[in-house]
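Dear colleague,

I am handing over the structure below, followed by an account of what was found in it. Please read the notes with the model open beside them.

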Amino acid sequence: MQTDSMGLEADVLEVLERRGPLHVTEVALAVDSHLFSVEACCARLVAAGELRTESCGVYELTRDDTADDSVE
């Protein structure tokens, strides 16, 4: 179970990058952490501009790391 807040933030971001928008309960299961810890983590990430939520408890990345801006 993840207890380090920076490690938890990295894990949450990784899960959302891989799987797309998820409900906070799904994120908590994916990172094997307590729901309240993940909710607090997501709130910090929203405040930092890393995540957004458009539906109650559903989080997604604000940036699009998967976009390929290079021209070949």
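**What was found**

Cys56 counts as exposed, because its relative accessibility is 75%, where exposed means over 50% relative accessible area, buried under 20% and partly exposed in between, with a 1.4 Å probe and protein chains only.

Before going further, please note that this is a predicted model, in which local features need pLDDT of at least 70 and side-chain atom pairs count only at pLDDT 80 or more, while totals for chains, interfaces and linings use all residues. Residues are numbered from 1 along each chain as its sequence is written, and side-chain values use heavy atoms, with hydrogens and water left out.

**Overall layout**

The chain has 3 helices and 3 strands, taken as DSSP runs numbered from the N terminus, with helices being H or I of at least four residues and strands being E of at least two. Read from the N terminus, these elements follow the order α-β-α-α-β-β. Of the 72 residues of the chain, 28% count as buried. If a contact is taken as heavy atoms within 4.5 Å, then among contacts between residues at least 6 apart in sequence, 49% join residues at least 24 apart.

**The core and Leu51**

In soluble globular proteins, nonpolar side chains tend to be buried together. A nonpolar core here is a set of buried Ala, Val, Leu, Ile, Met, Phe, Trp, Tyr and Cys residues joined through side-chain atoms within 4.5 Å. The largest such core has 17 residues, and those with the most contacts inside it are Val12, Leu16, Val38 and Leu51. At least two of its residues are supplied by each of helix 1 (5-19), helix 2 (24-31), helix 3 (35-47) and strand 3 (58-61), and the largest share, 5 residues, comes from helix 1.

Leu51 lies in strand 2 and counts as buried because its relative accessible area is 2%. Leaving aside neighbours within four places in sequence, Leu51 is in contact with Val12, Leu13, Leu16, Cys42, Leu45, Val46, Tyr59, Glu60, Leu61 and Thr62.

**How helix 1 meets helix 3**

Helix 1 and helix 3 pack at an angle of about 80 degrees, with their axes 10 Å apart; the axes are lines fitted to C-alpha atoms over the stretch in contact, and the angles run from 0 to 180 degrees between N-to-C directions. Helix 1 is therefore roughly perpendicular to helix 3, on a scale where 65 to 115 degrees counts as roughly perpendicular, under 35 as roughly parallel, over 145 as roughly antiparallel and the rest as oblique.

On the helix 1 side, the residues that meet helix 3 are Ser5, Leu8, Glu9, Val12 and Leu13, and their counterparts in helix 3 are Ser37, Val38, Cys41, Cys42, Arg44 and Leu45. By class, this contact has 7 nonpolar, 2 polar and 2 charged residues, with Ala, Val, Leu, Ile, Met, Phe, Trp, Tyr, Cys and Pro counted as nonpolar, Asp, Glu, Lys and Arg as charged, and the others, Gly among them, as polar.

Met6 is also found in helix 1, but this residue counts as exposed because its relative accessibility is 67%. The C-alpha atoms of Met6 and Cys41 are separated by 8.9 Å, although the two residues are 35 apart along the chain.

**Cysteines**

A search of the whole structure finds 0 disulfides, a disulfide being a pair of cysteine sulfur atoms within 2.5 Å. For Cys42, the nearest cysteine sulfur is that of Cys41, 5.5 Å away. Cys42 counts as buried because its relative accessible area is 0%.

**Loops**

Most residues other than glycine have a negative phi, and most peptide bonds are trans. Ser33 and Leu8 are 25 residues apart in sequence and 8.2 Å apart in space, C-alpha to C-alpha.

Gly49 lies in the loop between helix 3 and strand 2 (51-55), and is partly exposed, with a relative accessible area of 39%. The C-alpha atoms of Gly49 and Thr62, 13 residues apart along the chain, are separated by 6.9 Å.

With best regards
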